[in-house]
Amino acid sequence: MGSEENTKELYKITPTQQAIASCCGAIVTSLLVTPFDVVKIRLQAQSNSFANGKCFVYSNGLMDHVYVCEDQNSKPWYKKPGHFRGMLDAFVKIIKIEGIKSLWSGLPPTLIMAVPSTVIYFTSYDQLSEVLISKLGKDNDHIPVLAGSISRLGSLTVISPLELIRTKMQSRQLSYKQLRIYINNTVAKDGWRSLWRGWSPTVLRDVPFSAMYWYHYELMKKQLCKTFDAHEPTFMISFTSGAAAGSIAATVTLPFDVVKTHKQTEIWEYETLNLSQKRSTSTWTVMKKIVAEHGFTGLFAGIVPRLIKVAPACAIMISTYEYGKSFFRKLNKEKIHKAINSHSS
């Protein structure tokens with residue numbers, strides 16, 4: 001085991017290589033997961049037409065984004081007509097009538113946020129883990145919890161104002177000049193903190209999710225590597241550990257997901273319909289309201305759709321990322337061996 005650690009240390013990958021691996025993982029994940037969410041939104045729109053100013057949550061497997069419904073002359077992708085009898089029928093009809101590209105409707109503007117956020121998150125996690133291992137020792141169980149929480153908090157804080165700007169541009173069709181005026185007016189009226197609206201409900205869901213996800217992922221990965229006598233995780237070990245860890249974290253943090261969706265859509269509906277916004281209700285108040293109206297099970301509404309979305313996304317992202325890191329490790333190994341051979345000859 002000692003020699004394995006030394007080998008890893010010798011062929012250690014750089015932060016740039018970690019960033020490239022996480023960027024590739026983010027793109028692969030969004031390309032594979034987005035079509036399912038697009039079809040789900042199209043089915044929702046069919047049974048419950050999205051009125052102007054109403055909001056829905058769009059997920060590309062990496063981040064959740066608020067979409068504000070708009071009435072335009074040309075119909076937006078989520079309002080296109082379609083008589084679907086279910087998910088499979090929707091897939092077939094969308095590809096046949098609109099072309100396969102329609103399965104990735106709305107993806108490019110969300111990737112501008114989701115890819116940098118994922119790169120910051122995963123690269124920070126690995127860098128923080130290395131620092132914490134050097135301070136606390138590699139067998140400390142708190143490392144994934146601390147590194148996961150801090151890296152998630154950091155990526156959320158960086159991306160939150162940009163996501164607010166993206167939603168504003170999408171909902172109002174603003175030019176960059178109009179957007180600058182809007183930001184200046186918002187900051188002048190409500191201060192800089194107003195650019196981080198919607199940050200706290202996201203933090204309440206995503207930071208505990210990350211802490212639990214990384215803790216269970218590292219634990220399962222270690223156990224599976226031991227079981228299959230693998231020196232480093234194979235694609236299947238990473239995939240299985242990622243899916244299981246994602247499922248556990250998604251189930252435990254589901255009440256916060258319900259609250260986050262409620263609060264974020266409320267913020268944007270008030271904003272778009274130009275209603276004077278009430279004082280933002282606290283997470284605890286929203287939870288009490290949900291329990292009063294739907295009982296305790298209301299906090300766990302949508303558990304199956306969330307698991308169907310989160311488990312594969314976590315599995316694809318982490319296995320692609322680990323595969324990328326493994327590729328760079330081998331590349332570094334070859335470079336070092338070539339350098340040694342050329343030096344010795």
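Student: Let's start with the second largest cavity. Which elements each supply at least two residues of its lining?

Tutor: Strand 2 (64-68), helix 5 (142-172), helix 7 and helix 9 (254-272) each do that. Helices (H or I, at least four residues) and strands (E, at least two) are DSSP runs, numbered from the N terminus. This is a predicted model: local features need pLDDT of at least 70, side-chain atom pairs count only at pLDDT 80 or more, and totals for chains, interfaces and linings use all residues. Residues are numbered from 1 along each chain as its sequence is written, and side-chain values use heavy atoms, with hydrogens and water left out.

Student: Which element gives the most to that lining?

Tutor: Helix 5, with eight residues.

Student: And what counts as a cavity here?

Tutor: On a 1 Å grid over the protein atoms alone, a cavity is a set of points where a 1.4 Å probe fits but cannot get out. A pocket is an open set with protein on both sides within 12 Å along at least five of seven lines, and lining residues have an atom within 4 Å of a point.

Student: How much space lies in the second largest cavity, and which residues lie nearest its centre?

Tutor: About 310 Å³. A volume is the space filled by probe spheres set on the points, and grid points are joined across faces, edges and corners. The lining has 23 residues, and Met63, Ser160, Glu163, Thr202 and Gln264 lie nearest the centre.

Student: What is that lining like by class?

Tutor: It has eight nonpolar, eight polar and seven charged residues. Ala, Val, Leu, Ile, Met, Phe, Trp, Tyr, Cys and Pro count as nonpolar, Asp, Glu, Lys and Arg as charged, and the others, Gly among them, as polar.

Student: How many cavities of 30 Å³ or more does the structure hold?

Tutor: Two. The largest cavity has a volume of about 430 Å³. It is lined by 22 residues, and the closest to its centre are Gly61, Leu62, Arg152, Phe209 and Cys314. Helix 4 (107-136), helix 7 (199-227) and helix 11 (303-344) are the elements that give two or more residues to this lining.

Student: Which helix gives the most there?

Tutor: Helix 11, with seven residues. By class, the lining of the largest cavity has 11 nonpolar, five polar and six charged residues.

Student: Helix 2 is new to me. At what angle do helix 2 and helix 3 pack?

Tutor: Helix 2 (residues 15-47) and helix 3 (residues 87-98) pack at about 100 degrees, with their axes 10 Å apart. Axes are lines fitted to C-alpha atoms, for helices over the stretch in contact, and angles run from 0 to 180 degrees between N-to-C directions. So helix 2 is roughly perpendicular to helix 3, a term for angles of 65 to 115 degrees; under 35 is roughly parallel, over 145 roughly antiparallel and the rest oblique.

Student: Which residues make that contact?

Tutor: Pro35, Phe36, Val39, Lys40, Arg42 and Leu43 of helix 2 and Met87, Ala90, Phe91, Ile94 and Glu98 of helix 3. Contact means heavy atoms within 4.5 Å. These residues divide into eight nonpolar, no polar and three charged.

Student: Is Ser30 buried or exposed?

Tutor: Ser30 is buried, at 0% relative accessibility. Buried means under 20% relative accessible area, exposed over 50%, and partly exposed in between (1.4 Å probe, protein chains only). Ser30 is in helix 2.

Student: And where is Met113?

Tutor: In helix 4. Met113 is buried, with a relative accessible area of 8%. Met113 and Ile159 are 46 residues apart in sequence and 6.7 Å apart in space, C-alpha to C-alpha.

Student: Last one: where does Asp229 lie?

Tutor: In the loop between helix 7 and helix 8 (235-252). Asp229 counts as exposed, at 66% relative accessibility. Its phi is positive, about 50 degrees, although Asp229 is not a glycine.
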